[in-house]
Every structure is written in C-alpha cells, then in structure tokens.
Amino acid sequence: MRYKRLAELYESLSATTKRLEKTEILSKFLREVDNEDKEILYLLQGDIYPEYSEKKIGISSQLAIQAISKATGTEKEKVVKEWKSIGDLGKVAEKLTKEKKQSTLQSHVLTTEKVLENLRKLPELIGKGTVNKKLALITELLTSASPVEALYLIRTCIGDLRIGVQESTIRDAMARAFFEEDKEAIDKIQRAIDRTNDLSLVFEMTKTKKLDKLKEVHLEVGKPIKVMLAQKAKNIKEGFEMVGKPCGIEYKYDGFRLLIHKKGKEVILFTRRLENVTKQFPEVVEYLNKYVKGNSFILDSEAVGYDKKTKEYQSFQHISQRIRRKYDIEKMQEELPIEINVFDVLYFNGKSQIDEPFEKRAKLVREIVKSQPYKIISSKMIITDDETKAEKFYKNALNDQQEGIMMKSLNAIYQPGRRVGQMIKVKPEERDLDLVITGAEYGTGKRSGWMSSFILSCKGNKPGEFLEIGKMGTGIKEKEEEGMSFKELTEKLKPLITSEKGKTVKIKPKVVISVTYQEIQRSPNYNSGWALRFPRFVSLRPDKPLSEIASLKDIEKDFSDQKRNWRYG
Ligand code: ATP
C-alpha cells in the first residue's frame, strides 16, 4: 500500500476527537486493507512488530532532527529553532519538506512495505557506529516522503504518533468492518487480542470472518501474555460481595509480577509489561527445572525479595533494581534473593488452562509446584466463606510483611489483560496513587542543577491526555545512598525534557511513580481540577505501563471515598 494512504488515514483520525467517528473512519479503511498489507496494523499503533516484541524503533529526538536536516537540506540549527517554536518534530518535518518540495521533484513513491523494511532494520543496529546507519535509513524514507508523510514518519520514529487511537478503537473498527458491530464479535476479537497481543494476526482472522477460528487463537509458550488485573474492595465484607462465597483468599505479596514460561528445558520470564527478564533471574530458571513438574507450562506468580540474613520479606523497592540489571547478576542474586510465589497456571502440558475455573487451576498449581520456601512456593491460600477466618488470614498476611490479601472467585476464568471483578485486592486503608511525571522545576542553593520539585499527572478522559494534579518534592533524598535522590531522578528525566522556560521544564510522560498523599482537594491551579495535598514519593514503577496509571475517574472516586470515610469516622 502507498504510505500516502496511511498518512491520509492518520490525518483524518487526528481531525476528530470523537471515538465513534474514529471507529467509522478506521473500519472503512480496514475493509480496504488486503491480507498482504496486514502488518499495517502495527503501524496503526505506532509500532513495527506485535506489542509483545522487544524490537522497538527507539529513535531519539536528536537523531530525528539530524534526519530532517539531511533530508530537507536545512541547517540543523534551523530545525531546532523550528522545533522550539512549533513544539512538534513531526510538524517541523512537514513544514521543511513542504518548503523543499517547492524547489525539487519528489523522487520515489513511498510504500508501507518500504517504511516497515527500513524501520525494522533500526532495532537490529546496536553498538558503536550505528548512528550513521540509522540516520541513513530514516533519511532515505524522508527523502521520498511528501510533507504529510514526513510528518507521520517522524512521529512514528520518535514514538509519538498522536492519532488518538487505542487498541479498543481498532477492535471496534474490526468488528464494524466485518461483523456489523456484533457484540459477540467484539467480545471474541477482544479475547483473541488478549491471548495473542498481535493485532495483525487477529485482523487476518477477523477479515476471513472466521470468528470461530478466533476462539482457537491460543496461548503459546514463549510468547508473553498480558496479565489479569484486580479490582479493589474496601474490606473483606465487600470483597465477599464481589467475588461470592466461598472464595479463594491468598496473600497479596509485595513484589513484582512474573510470568513464567517453560518448554522442555527452556525457561522464559516476562514482566507484566511483557519484557523478557530471563537473564536477570538465573536462579528462577534453576528452581523451575528442579521444583516444578511438567514439560511445558505458563505460570503466573509474584517474585518477592527477602533479607538474606534474617529471611524477612522486603518491600518491592528493595528488589526492583534486579529487573533492569544487566551485569553483576550473580552478585545481585546473592545480595537480593527472591522467592517465587506461584498463584496461577495458564497453560499446562500442551493445553491452555485459561478457560478452566480458578478452583481447578489453583489445584493444579499445588499439584505441580513442589514448594521450597525462599525459592519457589505455591501462594498461601485458603478457601472459605467465613468472614472471621478471612480476617485472621488477612492479619497474618500483614504480620508477614505482605500488602494484604487477594480474594478470587472459584469459578472465574483467567482473562488476560482485563481488570476483573472476580479477583479483588483488599489492603489497609491508605491513600496511594500511581502517576506520571510531566514537568519539573530546577532547585536552588544546594539543589541547584537538580530538579527539586516534580509535576505529577493522571490520565485524562481523552486517549493520550495527561492532566496535572500536583507538585511533589518530598520523599526524595539528598544523598544517593539513602534512596531515590534528586540527582538520580533528574538524570532519569533529563532526556525526556520537551521544553524549557527558566527553571521550569516540561517532561514527556514516561516515568511512572507511586506516591502517597494526605488528601485530594478541588483546585483551579491544575488542569485536572484537583490537587493532591502533601504528595510523597514512594517508588519508581518501571513495571507499570502508562495506560495503567490513575485516571481522572479514579481521582474522583478517591475523592468521594475520602469524603465518605470522614463522615463515618
Ligand atoms: P498495587 O499497586 O496495589 O500492587 P497493581 O496495580 O500493581 O496494584 P493490581 O492488579 O491492582 O496491580 O493488584 C494485583 C497485583 O498484586 C498483581 O498484579 C500482582 O503483581 C500482585 N499480587 C501479589 N500477590 C498476588 C496473588 N496472590 N494473586 C494475584 N496477584 C498478586
């Protein structure tokens, strides 16, 4: 397909904020897409491979500036100047290409295959001397691009497509295009997306109108799956109301989610963000081979850190560094040991388990995991309908330094990627939120040179929209030894600065953090309409995707819960 057609689609999608209109535009387009062009579905999400692939485009704004400069024959300084005044590199590319095109003739016709071909070479290039090769690949595309094509090429390269299309819009558009928006079809398409994380594959099956084939789209060992997420209950009583009686109750371990895949001797570990972290946890590979029965399986678990001397469980922050660590693995393994707590099984010996009831899956977990404390165990669980027993179990969990409990419906299937009401978390009353940093202010005195206060944002109602909700300065340390320091956070945020004005900077929403706070107030000072009082930094949440930070609705709900609590005590 000509890339021009796709760029035009992006334009019309950007021209409306209404989801229904976007769905309509997209469904018309999808009807025209031939099977051989099915990989366009990745480009629609600003990607080049399925979501689970680790191969990402990853081009910095600096490199994009160089490419624009080279392709349009414009001085680099001028490109930067335009960027400062327009604020969107894509628009800069569009403008400069337009100016150039008035004097020269367009050289080639750009196709989506060519765009994918070049962009897919980018993640393959690593190490020294690759910058020029990357530059050449992007410049080649830009030289053949019309202004509007240049706009979307650059936005795709820097990972900021801004067409306001979410996965659910693409799902609805597929259903509209091929099944007249049949509700059952939407459901089946969603299930297939959740199981495969591959829009192109699902598109192909939807287009052939073989909905029943979608049912056969199954989990594959080695291919990451989105995890099932939990809803919240205020207390055990509400928990029982939500999941029914009796139910399974487990410890809510304070660690990080680990999806374990095994086929033969090969073990692959994924985080909930679908990142492969196998290399970082060699001991887990060993535990699986030794203590879990089965030739092939996918297990869902929480990895929890503990103190190597006292054996006391530690909070998530302690072990979070192991997730990113690429060197000194053995030393880390020794210093920060983890215990794997297996709580679910999604696949076992060639058979998907996700449509089986939870009770059966939980039983299977206990049959196959030979628990070895401080290495790998099946999660602590009771099945009960008795509130007193449940309260006692909850207390034990807190005494054992865990976060609370999970309450699970015995007959619930496993729904990848969904936040479901059949799995409930109950934690002690506390106010905490996951938010993203979207701005900062440089400090003065001993903090000069470092950012010292940070603007926090939640998700707005529109896709891709982030709304400011407060400023945070506490919880961050002066000295690096004491925890997250101003220096470390500043270094993390610096490459994400999008604009600067005096001491204030705007920051691309990328760094997700957990904060606690004392109160939510209405406020005209922030564009969310809300302000957090006394937000305090708790931890970085590299495991948490932007799509899962608190939304405006969550804030409104927390505000009304807060009022309710005051009234009653
Ligand atoms: P929180 O910030 O409260 O941990 P979250 O947003 O990380 O919540 P939720 O889905 O709300 O994730 O809560 C469930 C999380 O709790 C899971 O993602 C998992 O990492 C963790 N967890 C710990 N123990 C269990 C368990 N026994 N069963 C399921 N999840 C568990």
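1. Start with C247, which is buried, with a relative accessible area of 0%. Here buried means under 20% relative accessible area, exposed over 50% and partly exposed in between (1.4 Å probe, protein chains only). C247 sits in strand β2; helices (H or I, at least four residues) and strands (E, at least two) are DSSP runs, numbered from the N terminus. Setting aside neighbours within four places in sequence, C247 is in contact with F240, I382, I383, T384, M407, K408 and L410, contact meaning heavy atoms within 4.5 Å. F358 is 111 residues from C247 along the chain, and their C-alpha atoms are separated by 9.7 Å.

2. A word on what you're looking at: this is a predicted model, where local features need pLDDT of at least 70 and side-chain atom pairs count only at pLDDT 80 or more, while totals for chains, interfaces and linings use all residues. Residues are numbered from 1 along each chain as its sequence is written, and side-chain values use heavy atoms, with hydrogens and water left out.

3. Now the ligand. Which residues come nearest to the ligand? Of the 18 residues around the ligand, those are R257, E302, K425, K427 and K544; a residue counts as near if one of its heavy atoms lies within 4 Å of the molecule or strand in question. By class, this shell has six nonpolar, no polar and 12 charged residues. For that tally, Ala, Val, Leu, Ile, Met, Phe, Trp, Tyr, Cys and Pro are nonpolar, Asp, Glu, Lys and Arg are charged, and the others, Gly among them, are polar.

4. Some distances to look up in the viewer: a polar side-chain atom of E302 lies 2.4 Å from a ligand oxygen atom. For K252, a polar side-chain atom is 2.8 Å from an oxygen atom of the ligand, and an N or O atom in the R257 side chain is also 2.8 Å from a ligand oxygen. Taken alone, the ligand exposes 600 Å², and the protein buries 94% of that; these accessible areas come from the Shrake-Rupley method with a 1.4 Å probe, and for residues only the protein chains shown count as cover.

5. Where does the shell come from? The elements that give two or more residues to the shell around the ligand are β1 (229-232), β2 (247-252), β10 (404-409) and β11 (419-426). Among the elements, β2 gives the most, with three residues. That's the strand that holds C247.

6. On to charges: a search of the whole structure finds 49 salt bridges, each one a side-chain nitrogen of Lys or Arg within 4 Å of a carboxyl oxygen of Asp or Glu. One of them pairs E124 with K55, the closest N and O atoms being 3.3 Å apart. The two come from distant parts of the chain, 69 residues apart: E124 is in the loop between α7 (112-121) and α8 (130-144), K55 in the loop between α3 (40-44) and α4 (61-72). E124 counts as partly exposed at 45% relative accessibility, and K55 is partly exposed at 37%.

7. Is K223 buried or exposed? K223 counts as buried, at 12% relative accessibility. Its salt bridge partner is E220, with the closest N and O atoms 4.0 Å apart, and E220 is partly exposed at 46%.

8. The side chains of E335 and K308 also meet in a salt bridge (3.2 Å, N to O). E335 lies in helix α17 (residues 329-335) and K308 in the loop between β5 (296-305) and α16 (316-324), so the pair ties together parts that are 27 residues apart in sequence. E335 is partly exposed, with a relative accessible area of 40%, and K308 is partly exposed at 38%. Elsewhere, D88, R155, D160 and R162 are linked in a network of salt bridges.

9. Have a look at Q280 too, in the loop between β4 (266-270) and α15 (282-291). Q280 is buried, with a relative accessible area of 5%. Its side chain reaches the backbone oxygen of I323 at 2.7 Å, a polar contact (a pair of N or O atoms within 3.5 Å; within protein, one must be able to donate a hydrogen and the other to accept it, and residues adjacent in sequence count only if both atoms are side-chain atoms). Beyond neighbours within four places in sequence, Q280 is in contact with R322, I323, R324, R325, K326 and I329.
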